[in-house]
Amino acid sequence: MYPPQRKDFVSLTLGDQHSYTNGKHRRQSCWRKWKQLSRLQRSLVLFLLAFLFICGILSYPSLMEQWRGFSDRSVKEYWVDMDNRGLRPIPPGLVPKLPVVPVPEVIQDIPLEVLPELQRPSVPILPKPPAMRKPPSKRGPPALQKRGNVTDWQVKDKEEPVAKKDEEEGKEAKTVISWRGAMIEEEQGTELQPTAHGKEAETPADSEGATPKPVTVKNVDRVEAVREAFRHAWKGYKAFAWGHDELKPISKTHGEWFGLGLTLIDALDTMWILGLKDEFEEARKWVETELSFSKNVDVNLFESTIRILGGLLSTYNLTGDTLFLDKAKDIGSRLMPAFKTPSKIPFSDVNIGKGTAHPPRWTTDSTVAEVTSIQLEFRELSRLTHDPQYQTAVEEVTRQVHKLEGKHDGLVPMFINTNSGKFTRRGAFTLGARADSYYEYLLKQWLQGGKKETELLEDYIQAIEGVKKNLLRQTSLSKLTFIGELSNGRLSPKMDHLVCFLPGTLALGAHNGLPADHMDLALQLIETCHQMYVQMETGLSPEIAHFNLQYHNGRDIDVKPADRHNLLRPETVESLFYMYRFTKDSKYRDWGWDILQSFNKHTRVPSGGYTSIGNVRDPLNPAPRDKMESFFLGETLKYLFLLFSDDRELISLDKYVFNTEAHPLPIWPSTS
Ligand code: DMJ
C-alpha cells in the first residue's frame, strides 16, 4: 500500500492566464480558486495574511518616525539651532577685564576627556567604570519641586490672613494644569519686573512682541522686594508646613527631615534682620511653646549645628532673648554624644532623644567639611554658657585635622575615619561638596577669635595657595576663571555651585589684611559665578557647571543633564553681598537683583513659597521639584536683603562672622 499522496509544498496560483475584462469576473474567479484550495492551504493563506497585517501595524510608528526625520528637516535644524544657542556664549568683550591672577599652564595636564576627539592619541578607548554620581544635594533629603514663570512680588504691604487669601486665590485661579504629575494653578497677575540691566524679564508677553520699557529700580524697592519675597515664602510655609522642616509648595504640604521645624528656626534671624516683627513674634511663640528636642530622632550633626544651633545662637545675639540661648544649650548638649568616638572625630549622626551617635550605615567615615564646620557654633556656645566642653570638643577636631597627613598643598581630602582619625579615600580634592566649608571656617574661626589663632590662618593661606597651584583654570573662550576638582592627579574642569562661597570668603580675608591677590581671585571668581547664572536660559545657575578648556563647542560652560537643577542655593548671592560691601561696585547689586528676578520668575509658587527646579535650561518647563529648602529663607533671602540694604552697619562685617548657614555670630571682644 502506498500511503496517501502527500504534497510537500503548497502551490498557490494567484495570477490567471486569462486577462480579465471586468471586476465581477475577477471576483468570481478568485472565489472559485479559493474554494478549490484544501483546508490546509486556506489556513496557511489566512495565517500569512494575518502575519503580514500584524507586522504592518508594529512597524508603522518607527516608519513614521523615520519619515518625519527625513521630511521635517527644517524642524530638526531648528531644534539643533536652539540647542546650540542654549548656553548663550558671551560675546567677546562682555566679560570684563579683571586683575590677573596667574593661572597655571593647563596644557600638560589636561585630561584626555577634554581634548577634542581628533587630537586624542590613538589608543584604544577602554570602557570607563560606572561613575559615582553625587546626589543632587549632599546635605539634605532628596530634593523635591514647582512650576515657575510668575513674578507676583508686588503684593499688598499687609498680608491678609492666609486662609482668606488662599480662598480668594482659589477663586481667581482659572485652570488647574496637571503638569508632570503636579497639579498647578495657572498663574495669575504675572507682572514684568525690570532686570538690573534695563532688559525686561522674558515672559510670554515678550514673545508676542510687547517689549516693556526699561525701568530703573531703586535700592529701597529692591529691599522691599526681598521682604515681599520672604513674606510670600513664609505664607506658604505657614499655610502648609507650619512647625515642620520644609515646605512642599506645590503639593501644599510639608517634608520632614529631623522633625524640628528646621525652616522656622533657620529663618528666625532673617525675620529679625528684615524687620518682619509680626512674623518673628509668631515664630518665637512656636519656639517657646512647641519646640522640643526631647525626641527619639536621628539628626545630622553638621546640619543641625549650622541650621539649628547656629540659628538659635544668632537670634539670641541679635535679640538678647534668653529663650533662644536656652534652646541653643539644649540642642548643643544633645549633640555632644557625636564626639564619643575612638578618635574624637565626631560621628555624622546623633539621636538627640537617646543620646547615642553613629556613623552612616555604610561606613565609619565622616565628611571632612562636616566635622570641621561646626566650630564657630560650639565655640560660641561655650563663650555664652561659660561651659568649655563644647569648645574643647570641636577644637580637638581642628587640632587633629591641622596636623593630619594626606593633605595636598593644604587641600584636604573629603573623608575622615572616626576610628583612626585619618583621612580616607585620599586623592580627590575639591572646593565643593564635602570639603567647601573646611576652608571657610579656617578663616572665620581666626576672625571670630580676634585673629589670634595663627595656625588657622596658616592653614587657610596655605590652602588658597594650594587652590591656585592645583585647581585654578580658565576657559579658552572667555577666560573665565574657575576651580576644578583634582582626582588622582587629573583635573576635572567642573565646579559645584557650592564653590561660589569662595569669592566672598577670599574678599573677607583680603579685607582683613590677607594678600591682595586673594581679592584679585575673588573678583575673577565672582564673575564666573555670575556667568553660571546669566548663561542659563532661566537666569539661574545649575548645581554643577562643566567648563571648557578647549574651543571645541564655542561655549564656556556645559551642563550635564543630571546637574541641571537649582535648589535655591545661596552661595553666589552670599559672595555678591561680600563683594558689594568691600568694593561698593553697584554691578554686584544689579547681578543680585537679576537673580532675585529669576527666582521670582521661575521658582515662585502662586499659593505661597518657592521651589527648587530640575532644569535651569528650560524656562518653559523648569521642572519644579516641590521643595523649598530651609536655606532659602535662612541664607539666600538674607544675603539678598543685606546686599541691597544701604545700612552698612546692619550686621557689620567687622563685628560679625556669618556661619556657613548665614547666621551671624559676634566676633569676640578682645577680653573673651
Ligand atoms: C547650606 O546648608 C550651607 O550653606 C552649607 O554650607 C552648604 N549647603 C547649603 C546651601 O547651599
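In the predicted model, an oxygen atom of the ligand is 2.7 Å from a polar backbone atom of T660. Taken alone, the ligand exposes 290 Å², of which the protein buries 97%; accessible areas come from the Shrake-Rupley method with a 1.4 Å probe, and for residues only the protein chains shown count as cover.

Eleven residues surround the ligand, the closest being R569, E571, E635, T660 and E661; a residue is counted here if one of its heavy atoms lies within 4 Å of the molecule. By class, this shell has four nonpolar, one polar and six charged residues (Ala, Val, Leu, Ile, Met, Phe, Trp, Tyr, Cys and Pro count as nonpolar, Asp, Glu, Lys and Arg as charged, and the others, Gly among them, as polar). Helices α9 (301-319) and α20 (630-644) each supply at least two residues of the shell.

Residues are numbered from 1 along each chain as its sequence is written, and side-chain values use heavy atoms, with hydrogens and water left out.

Turning to the whole chain, there are 20 helices and 20 strands, taken as DSSP runs (H or I, at least four residues, for helices; E, at least two, for strands) numbered from the N terminus. Of the 672 residues, 55% are buried, meaning under 20% relative accessible area.

A search of the whole structure finds 20 aromatic pairs, that is, rings of Phe, Tyr and Trp (its six-membered ring) with centres within 6.5 Å; planes under 30 degrees apart count as stacked and over 60 as edge-to-face. The rings of F339 and F378 are edge-to-face, because their centres are 5.8 Å apart and their planes stand at 80°. Both F339 and F378 are buried. F482 and F547, by contrast, form a stacked pair, 4.5 Å centre to centre with 10° between the planes. This pair links strand β13 (residues 481-483), which holds F482, with strand β17 (residues 544-547), which holds F547, 65 residues apart. Both F482 and F547 are buried. Finally, ring pairs link F577, Y578, F582, Y639 and F658 into a cluster.

Methods:
This is a predicted model: local features need pLDDT of at least 70, side-chain atom pairs count only at pLDDT 80 or more; totals for chains, interfaces and linings use all residues. A polar contact is a pair of N or O atoms within 3.5 Å; within protein, one must be able to donate a hydrogen and the other to accept it, and residues adjacent in sequence count only if both atoms are side-chain atoms. Buried means under 20% relative accessible area, exposed over 50%, partly exposed in between (1.4 Å probe, protein chains only).
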